[in-house]
Amino acid sequence: MNAPLPRSGALHAPGTVLTGAEILWESLVRVGVDVVFGYPGGAIMPAYDAMARYPMIHHVLVRHEQGASHMADGYARASGKVGVCVATSGPGATNLVTGIATAMLDNVPMVCITGQVPGALIGSDAFQEVDITGVTLPITKHNFLVRRAEDIPRVIREAFYIAASGRPGPVVVDITKDAQQGSCAFEWSDAPIVLPGYRPERAPLARELEEAKRLLDSAERPIILAGQGVIRAGATDLLLELVGKRDVPVASTLLGLGGFPATHPLALGMAGMHGEAWVNKAIQEADVILALGMRFDDRITGNPKTFAQKAKKIHVELDPAEVDKIVKVDVALVGDVRDVLAQLVPTLDEKRRPAWLARIDEMKGDSAVRDIQALPDEGRLYAAHVIHDLWRLTEGRALVVTDVGQHQMWEAQYYKHDHPRKLLTSGGLGTMGFALPAAIGARFALGPHPIGGADPTEVWVIVGDGGFQMTACELSTIAQEGIKIHVAIINNGYLGMVRQWQELFYGGRYVATPMKSPDFVKLAEAHGVRGMRVTARAEVEAAVREAQASPETVVIDFRVEQEDSVYPMVASGKDLDDMIRRPERKHNPIYETGED
């Protein structure tokens with residue numbers, strides 16, 4: 001028989017004697033936490049027992065700790081707030097590591113709370129003991145090992161401050177079991193946090209702004225490269241004002257999609273390895289590049305030695321460590337993108353560049369409509385069809401969470417994002433298994449959608465058959481929480497992006513990439529959600545409409561062409577405008593699995 005759980009919902013006054021576990025939740029409430037994603041275990045059990053007395057915080061029980069870290073990540077990306085996950089010591093903590101690294105490389109504010117063995121046992125190889133602060137040191141902004149109950153309030157305040165300030169990132173707070181069990185008088189301070197040596201706020205010098213203005217004034221072929229920093233800073237309005245004054249075309253990084261409206265006449269689309277051909281060519285012909293909140297990673301630059309050699313480069317970046325790391329720039333404006341644009345844009349007068357825009361239109365030709373309008377389905381289903389139809393049927397308003405691989409690139413090409421925080425994807429780490437749990441976190445950021453209730457914002461997971469199987473267990477989390485998320489599996493029977501590389505660069509030897517999957521319809525139903533299957537384009541609209549109208553989560557298995565590839569493509573180390581174009585399409589028989 002379960003013992004009744006003591007519950008309050010009222011915070012305690014400072015000076016009240018509480019356990020460290022209670023102090024943890026008291027502190028989390030005070031920094032604004034309303035949902036955490038976690039999985040209990042021995043070393044974190046005191047915290048879980050105390051959690052019952054804090055019903056203002058909703059706990060989501062995951063099926064794997066990796067799911068908890070991705071849910072906290074998705075929550076943070078969708079809301080702009082700090083995401084929180086909880087795990088026990090040892091394997092519970094190490095299972096968070098992939099999600100922590102994902103958040104670190106994509107600058108996601110997250111606090112990961114882990115239990116640790118009692119302080120006296122640290123270093124003794126005790127049961128489920130792992131030095132998680134040592135393990136995560138290279139993939140966190142900071143981490144803490146807490147041995148005393150009285151240190152918990154200060155550490156929680158500092159952890160949230162570090163995670164959210166400056167260039168955001170994950171922070172680990174590892175709390176020993178005896179610190180959770182010990183008692184002390186609870187003390188809380190709202191005084192500003194000052195950490196020696198930590199300078200999260202920076203601003204460019206006046207002469208640097210003047211030099212940037214001079215370069216922009218002299219530009220005849222300017223381009224803006226909009227990165228995730230535009231979204232993080234909430235700078236879309238200022239970017240629109242700048243573009244309106246200067247007619248500067250805007251290219252986006254993968255994580256920057258949505259920071260500038262994709263349907264704007266001066267939106268070029270995504271740049272880089274799988275960017276549009278005319279975008280990459282325009283970058284190579286530009287004479288001035290204004291890079292906003294992006295870090296010139298290899299997927300954007302191609303060969304960095306030949307990247308935009310004709311262009312003067314202005315880099316607006318919050319983290320000075322990113323300046324000149326890969327591409328040498330002419331002017332560095334170190335600071336928050338919004339703050340920098342707020343100073344720069346009012347100083348710019350209007351200037352039109354019809355010749356440059358005409359040149360870009362010439363480079364585009366008719367390729368802007370290349371696959372969707374020119375590609376007949378001939379009774380078959382292509383991934384591009386599915387994603388274009390999803391964009392059309394959701395009117396571009398959905399929050400889309402993708403996994404990693406071919407479907408991720410097709411989504412970036414064919415789903416046009418007009419608003420920030422409407423595309424969540426793992427960029428820097430490229431984490432398969434990210435999408436489904438991250439979408440659960442995003443759903444809670446938007447407000448949990450009750451079964452049968454109105455759904456003001458659709459959440460769509462677009463995922464490959466490989467990545468989906470890595471975290472498909474979280475379908476049971478969806479069922480238990482009673483939330484609604486649409487899942488579109490782009491199922492081609494391969495680890496598709498690896499297969500594409502094998503086709504292009506490894507002589508077509510498909511080693512360890514053909515993948516036999518379970519019946520996803522039956523799998524969905526086994527978890528307590530609904531499953532559907534689509535094999536032809538004529539079936540797409542009806543399936544999507546049915547999912548939208550359904551009162552529950554629906555998983556749709558889209559059985560697409562197996563050996564389709566993402567084009568154009570810049571091979572690793574090649575120049576940005578040295579692109580592989582789409583060859584003549586081939587067709588292999590689809591799915592000889594004995595199903596249906």
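Does Arg 380 count as buried or exposed, and at what relative accessibility? At 18% relative accessibility, Arg 380 counts as buried, the class for residues under 20% relative accessible area, with exposed set at over 50% and partly exposed in between (1.4 Å probe, protein chains only). The structure is a predicted model, in which local features need pLDDT of at least 70 and side-chain atom pairs count only at pLDDT 80 or more, while totals for chains, interfaces and linings use all residues. Residues are numbered from 1 along each chain as its sequence is written, and side-chain values use heavy atoms, with hydrogens and water left out.

A search of the whole structure returns 34 salt bridges, each defined as a side-chain nitrogen of Lys or Arg within 4 Å of a carboxyl oxygen of Asp or Glu. One of them joins the side chains of Glu 561 and Arg 380 at 3.6 Å, N to O. The two residues are 181 apart: Glu 561 is in the loop between β20 (554-559) and β21 (569-570), and Arg 380 in the loop between α16 (370-374) and α17 (383-393). Helices (H or I, at least four residues) and strands (E, at least two) are DSSP runs, numbered from the N terminus. Glu 561 also counts as buried, at 5% relative accessibility.

Asp 319 and Arg 167 form a salt bridge of 2.7 Å, N to O. This pair links the loop between β13 (312-317) and β14 (331-334) with the loop between α7 (152-164) and β7 (170-176), 152 residues apart. Both Asp 319 and Arg 167 are buried.

Lys 81 and Asp 34 meet in a salt bridge of 3.9 Å, N to O. Lys 81 lies in the loop between α3 (65-79) and β4 (83-87) and Asp 34 in the loop between α1 (20-30) and β2 (35-38), so the contact ties together parts 47 residues apart in sequence. Lys 81 is partly exposed, with a relative accessible area of 37%, and Asp 34 is partly exposed at 34%.
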